[in-house]
Amino acid sequence: MDKNDLFRAAQTNDVKLFERCIAEGMDPRTTGDRGETIIHYISMKNSYGLLCHIAAGYNDVVKALVNTADNDRDSPMHWCSFSSTPALRIYEKLLTLSADPLQKDQWEQSCIELAAVRGRTDLVTFMKWREAHPQGLPKDIQGLDNISILQYINTFGSMNSSHALLYEMAMKGKKEKSSHIRIIFLGYQGVGKTTLYYRLTGQKRQVLSTDNLEIFQNRLIIDRVTMKRKLLEEGLELETSLERIRDVVIGSMTTDDVTVDVIDGKPDIRRPVSARIDNRLKPPTAIKRTRSEPDALADLQAEAAVLMSQRPVERFGSCGQKTFVSVFDFGGESMFSNLQHIFLNSNAVILLVFSLHNCFKEEAIFERVCFWLKFIASYSCQMTEVYCPPIILVGTHLDQIETEQKRNLVVSQVNRALFNNPETAKIFQKHVFKFLTVDSTTELENCDSLEVLWAYIIEAAQYQSHWGQLLPGNWIALEREIMRLKVHKKVMTFEGIRVIGENLTVPLDAEEVKAMLEYLHMMRCILCFNMDLPKANMILDPQWMVQAFRKIVTVDKFFDKIHGKNHPLLKAYRQTGKLTMEFIEYVWKGDLDFLEFKNTLLYYLERLELLVKPLPEKGESVVNYYIVPCMLQPADSELIRTLIEAPKTVKTATLVFDFQGQFLPPAVFNKILASCIHRFKVMQASDGSLYLQQGLACFVLNPRWNMVLHCRDALMKVTLFSQSRDNPEFEVEAVPGEGFSIRQILEEIVKATLERNNQDHISYTYYLHNHFQISPGEKLFDITDVMNTPVPSDGLGFDEVDACLSPLNRLDYEVWFLTPVQTPRKEKRNVQEDRKLARCVSPREMSRIAKYVGTCYSLFFTILGLEDNAIDHIRLQYGHFHFRSQVTKMLIVWRNKMKTRATLLEVVKAMEFNELCVDDMLNEILSDSFLIQTATNMTSPDDVDISLKVQRSCPSDQDKWTFAECIGNMYFNAMIELGLKNQCIERAEMDHRNRVLYIIHALLTDWVNSQGSEATILKLYLALEECQGDCLDFADGINQNRSEQNIVVELDTSDGFFLTS
């Protein structure tokens, strides 16, 4: 390639050719025979795309060439004036790149003078305006055509500061009436969902199977009066927000029509977005400007002019009658139902698609229709509520049924099959808005059925739960900025979005930004959690997260195609069910910035309960793998049966959560299972495999009790069992209240799961049963009947008591429903011993107690009275901590809540109830060696490979870094051992967020400053040893530090000697 190729790229706006030239080693600063550069050709030929590309990636080239003149002293701006149709956007871009408009050519003419001579009036008009407005064109206008730019200039010129203030008041006070339609396509794979989407939107393109989920935000505009539709090309979705803002303020740009939707001094919340959002809405108040008044008014005037100017996308539809349509096209494979559950809610029109020609030949197709009808109906929260959400049943492939008679017969069969089933018949009457059929040809000429379908969609849209709600006008401006960002950014912090909102022309405060983000999260335009934390990451593009999860759930396909079935990572995953970090990094590498934002993706996938990190095994400092509930093997109750029905197994009656026939999809049970995996240790078989399958799992609750959980259809069964009948430490049978705490925890799990999935209206009733497994048609026992059934006396059989009663009795009821009594199972302590324990627990004692509580924390803290949501919040917030540190944090939260009632005695009782090692714990924290006072009265362990002199010395700066590397994520407990307060640790964490080594170094500096000579290497060693850190590496590091210090001292002495001599 030579310079001619480079110049041809400049003249034809060919970015790829330009990049090939650069890759071949060509210098973009190359000049032609007349001294011209690529910027000259770009300017004359209006190659705007290439100019933007070079400006973004080759800033040094632009700086060197933007004012470079050719042999005739003509600059790129002069060449632009030579063009027969000079592009104003080229001028604007050159000016923003520091081009000099006053530069003279060989005739001593500037570019504006040359334009005037050549009769380029539009260019002259623009240059004069630009001279008076050095801030330039707004970013929404910069890249438009000449007509649009001149339209903006004329509109801007007709406005003054009063228009700017009117616009500001309208944006603050006016509200948009929500008229957005979310269309969700559901159905079995291969039934024509994607084909139907393309036909509905008038697109002719090759149809490929949807592999997971495709999201098209604001893809269509519909005029609800004329029923005309306009498809927005990709990249023009941003234009919809300008249209929406314009509709909000259009009537307020004259002084006679400025109204604010306020009633009795309060915002109009007659149709709230949601209770959480409306609580934050405030009446319009004085604007807090981030810029000076003149600059702020100029910005307002410019923004108002942008809205009132003609756009390149023709204005479509009448004000107040426009509807914007977003589409969610789901893949049909069953594994994706876990993802679909996240995006499904009552804020949508559901198109439930199935193929008519084979729906009874392939049973899975019609079964999937029934499945989705029951799934969607689970979102309806009122018995009398209809079409919430509305479902349009669409039968496709009508053209593949030969005759009209056969077509009518198939439609009748579908109706009959749905109405013959009482469950689907009820759902059909309540939720199916319309049922229609369409053919699946790709021709768009014969579209009568599609027009009918569009009419049904628009009619059904009013039943969306968000329809007609009032949204503050200035929210749209922030939504627009987020849409602009998501093109190039997948993740952004809340603080970053808050700053954008604060710097909008009509600014939003932090609470308004939160409310807006909650609304977008509810609509699943973005995903956001933990907005109370400024550094919390928000996912701007949910589809990006879905693609990352797809790499995991379709892992078999991925590896089979690329690496084969025998790849060691895939084999290990299949054998253990453990999704290791190594495996995740392997499947994500090289794709869409997944690894760059690995922690954010994993956090969101865990928050959405698509995967879960189990509790650590004994001796593990951190768990480095996840479980994916939807990828578990199908339930096989025989594996559990051999365990629970062994001769020496003690088991309780089975507690049953009966959801009263209400359908709960597997995705909900997967999330309940994920919550249990998060809280309880999964039971392991002798070969190391986990008792963990789809809807069926065993958990270790404490040394005494295990739990089997079985979920299916509308039931959830829970049974406690113990394999310790011969252990004299334990009771032979379960005692009253034994299952009370676990029932409370499961209640919270079920409640929280349903709330997170917008299904909190679903209720359940308790029953008892005598078998752990859910079986069709089994009889459940009413808990009142069981409570009133007497306990058979010795020698009196069941038949002699009452043959009509259940095989369960009052004792079985009391295990689950009687409040537990916190009394030790062993011989009671005397009053004097209890008085010694009736004192508050110190932080260092909490650190030691946490060691003995371990993975039994959930039941332990429930006995202590710490709420499940508080426990879960600590697990999420401090997930990067060592597990013992998380438990220590829980103890601190419990102490802060209970205050003087947080005594060692209460801890002892809770530990005794859970059969934990109370004696060992008390012996440790009450021993003389527990107190570390000064370095002089401490005994050095015999195995410390550090000299006594060094042990008693104060840590150097390098010693602090050595300790930090050895203690790692256990630093919280180490600092507690050293005597630092929780507040001090939290302050360091705030100052050095997510930089663990710097946090530890700062804390050790504070410790040394406060302790002085009592801050010793030996204390660091003992703290490290207590926290099970790497003591050998620490000793080696300390000795290495001292060796290096001695060498430095010798060199200093040597230097001093030569200087004095």
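**Helix packing and cores in a predicted model**

Helix H2 (residues 15–23) packs against helix H4 (residues 48–57) at an angle of about 40°, their axes being 10 Å apart. This is a predicted model, in which local features need pLDDT of at least 70, side-chain atom pairs count only at pLDDT 80 or more, and totals for chains, interfaces and linings use all residues. Residues are numbered from 1 along each chain as its sequence is written, and side-chain values use heavy atoms, with hydrogens and water left out.

Q: Why are H2 and H4 called oblique to each other?
A: Angles under 35 degrees count as roughly parallel, over 145 as roughly antiparallel, 65 to 115 as roughly perpendicular and the rest as oblique. The angle is about 40°, and H2 and H4 are therefore oblique. Axes are lines fitted to C-alpha atoms, for helices over the stretch in contact, and angles run from 0 to 180 degrees between N-to-C directions.

Q: Which residues in H2 and H4 meet?
A: Val15, Phe18 and Glu19 in H2 meet Gly49, Leu50, His53 and Ile54 in H4, where contact means heavy atoms within 4.5 Å. By class, this contact has 4 nonpolar, 2 polar and 1 charged residues.

Q: What makes a set of residues a nonpolar core?
A: Its members are buried Ala, Val, Leu, Ile, Met, Phe, Trp, Tyr and Cys residues joined through side-chain atoms within 4.5 Å; buried means under 20% relative accessible area (1.4 Å probe, protein chains only). The largest such core has 127 residues, with Leu351, Leu517 and Trp588 making the most contacts inside it. Helix H17 (residues 363–377) gives the most to this core, with 10 residues.

Key. Buried means under 20% relative accessible area, exposed over 50%, partly exposed in between (1.4 Å probe, protein chains only). Helices (H or I, at least four residues) and strands (E, at least two) are DSSP runs, numbered from the N terminus. Ala, Val, Leu, Ile, Met, Phe, Trp, Tyr, Cys and Pro count as nonpolar, Asp, Glu, Lys and Arg as charged, and the others, Gly among them, as polar.
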